[in-house]
Each structure stands twice: as structure tokens, then as C-alpha cells.
Amino acid sequence: MARLALLQLRKVFNGVVAVEDFTLTVEHGEFVALLGPSGCGKTTTLRMIAGLERPDSGRIVLDDQDITNVPPNKRNIGMVFQSYALFPNMTVAQNIGYGLRIAGKPRAEIEAHVRALLQLVKLEDCAQRYPHQLSGGQQQRVALARALAVQPRILLLDEPLSALDAQIRIELRQEVRRIQRELGITTVYVTHDQEEALSLSDRVVVMHRGRIEQIGTPHSIYSTPANEFVARFIGNINLLHVDVLNAETGLVRLGKQTLHLDRPVSGSALRIGVRPESIKIGTQNAHNVLLGRVVSVTYLGALVRVRVDVEGQPLDVDLFHADAPTLPSVGEQCHLSIPAHACKLLA
């Protein structure tokens, strides 16, 4: 296990800032995901950690050793790319043991280590197969085992599951997390998939335009987004424009209707965010009940999403089938109950 510190990293390509003032500490054995849209700087950050890109300023410290200018092959960092990059002329066992052979390890030691890794990634029966004889998921397991073979101090993964089918992605991310926990290896994982980041990580770093927008646990990132970008990027959320009626009591107005927030506010106008699953249809919350008209009812598997127009602003309400035996019809008026604590103030 290793501790990684990134201190005020900055990287510019042809006058365009890719990463700006990036500071993060990844603790021993921690799994941290860098999450954001394409072009936000997450892969550039990963490549700087690996030594494949050199920062224009800032420092990279691994276990109290400054590795900012250390060559990639001297950092002892394992990296798994989006493309599996397996050697097509080598068997699975030979691919996994490649780094150990280059390091000059004894043959018996290599064979024993390869067997252990094949068992770890559950590919014992595939040792003598070639990459073209494997599925995409199996190839990604081989790439992961190869990265782990040299016993790296930290593991970096750059969107390793993005090319796989949805069901295989779900299965493999569970395997990645199992392996990471079993080995206790410090891991930095790059993804644009919010579900992947939330389900895998101890902490999530949300990035936008090269900067960190928020760092936190999956629960805190989702339940208390720091600003509108994070709120929009993580899950579905209703964004409402409201006017302040009483700043001290948190009373605001949505059109001709009012809402109570759970804290004092400042200013004359605000943006608040409400998650669709926090809203109920009916009058369950006497303090915050809004009247609206149903615009659409959409079936999303286990969920039903009801869109309601309230004072010209659309609100999505997510209901489980089991909790919604009777649904409102399009065009019908309905009441929406919103707990005060569910209304999040957004920067």
C-alpha cells in the first residue's frame, strides 16, 4: 500500500489548460475515482501520476518520495488502459508474466505468481489461450492481472470498462473492487460513468474544465452537491428558480406557491435542487405541498418517472412500481410533497 499526494498540478497543451491547481491526497489502500465529462482533465491527471505526461508545475509525491521527474519505468506504478493492449502473440499466462520476465525474475517464481493472479482474476482455465480467443471482459481481466503482476505501489485504471457491454461492466466492476480490497492496493480510477464511480469508490473527485469541483464520499457527492455542475452531473435532479420571501425562515416562492427550506438563506433569488426520488405525490408533507399538472409518465424498468409542470417549471418525480399502484394521468392535476431538507441550495 502507498500514499499518493498530488500538489497543485498544472498542465497546458498548446495554450489550453488541461489541468489547473489539482491537489489531492489518496490514502493507503484507498480507492479514489476521478469523475467528469470528456475533456475535463481526468486522464491527463492519471498520465501525470504514471509519468507519461510531465506537469508544467506542481509536485507528485508517493510515500514521501517526490516522483515528479522520475521516469515511468522507475515509479513502480501499475496502469490499465481503456484499450487492453495485450500482446497478441502471447498466451494469457505469458502476457501476465511479461513484466516479471523483463525484471529478470526466476522462472519458478514467475510461474507461481502467474498462477496466483490467474486465480485472483478467475481465469485459471484460460492460461494457454491467446487474446483473440477471449471475450472483452476476459481480456480486461488479463490486463488487470498483468498490471498487478509487478506488485505496483499503486494501481491506475483509465476507463477500463467503457468498451464493454452494460451487464459485463456491472460484473467486472464488482470484480475490480473485490480484487482491490483483497490486495489493499491504493487505486486511482478514471471514469465518466457516474454509477461506476459511486459504486466503486471510497471517495469521488468530480472534475470540470481541468479543475476539481468537489471531493467527497459517494453519499456526500450525491446528497449534498457543492454546486450546480456537480448536481447536474451526478444523477438526475430538478433545478428550480425561486424568489426569497423570508431569508431568516428560509421561505421562498415558486411562482405563486411557497416552499420552506431547512435553513436561513441570503439574497433575493436562488437556485435549489431537488432529487426526483425525494418528491412524493400527495399531501404527505403539510409544509411543502405544490400543485402542478402531469406532463408525462415514463416507465424506466423498476422506476416510473412522472414529470409535473409547476408554475412553468418541470419537476421529475421518481416512483417505484411497488410504491405506486395508481399513477396520475397526463393532463391531471396533482399535489407534490417535498421535504424541506430535500431542497439543496446550489452555487
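Strand 17 (residues 303-310) and strand 18 run antiparallel and are joined by eight bridges; strands here are DSSP runs of E with at least two residues, helices are runs of H or I with at least four, and both are numbered from the N terminus. Arg305 stands opposite Asp318 in strand 18. Two residues lie between the strands of this hairpin, in which Glu311 takes a positive phi near 55°. Strand 18 (residues 313-320) is largely enclosed by the rest of the structure, because six of its eight residues are buried, that is, under 20% relative accessible area with a 1.4 Å probe and protein chains only.

The model is predicted: local features need pLDDT of at least 70, side-chain atom pairs count only at pLDDT 80 or more, and totals for chains, interfaces and linings use all residues. Residues are numbered from 1 along each chain as its sequence is written, and side-chain values use heavy atoms, with hydrogens and water left out.

An open sheet is formed by four strands in the order 2-1-4-5, with antiparallel pairing; two strands pair if DSSP finds at least two bridges between them. Strand 2 (16-26) and strand 5 (65-66) are the edge strands, each pairing on one side only. Strand 1 (residues 4-13) is joined to strand 2 by seven bridges, and Leu6 has Leu24 in strand 2 as its bridge partner. Helix 1 (residues 42-50) packs on the sheet and touches strand 1, strand 2 and strand 4 (57-62), where contact means heavy atoms within 4.5 Å. The direction of helix 1 makes about 120° with that of strand 1; axes are lines fitted to C-alpha atoms, for helices over the stretch in contact, and angles run from 0 to 180 degrees between N-to-C directions.

Technical notes:
Buried < 20%, exposed > 50% of the residue type's maximum accessible area, 1.4 Å probe, protein only.
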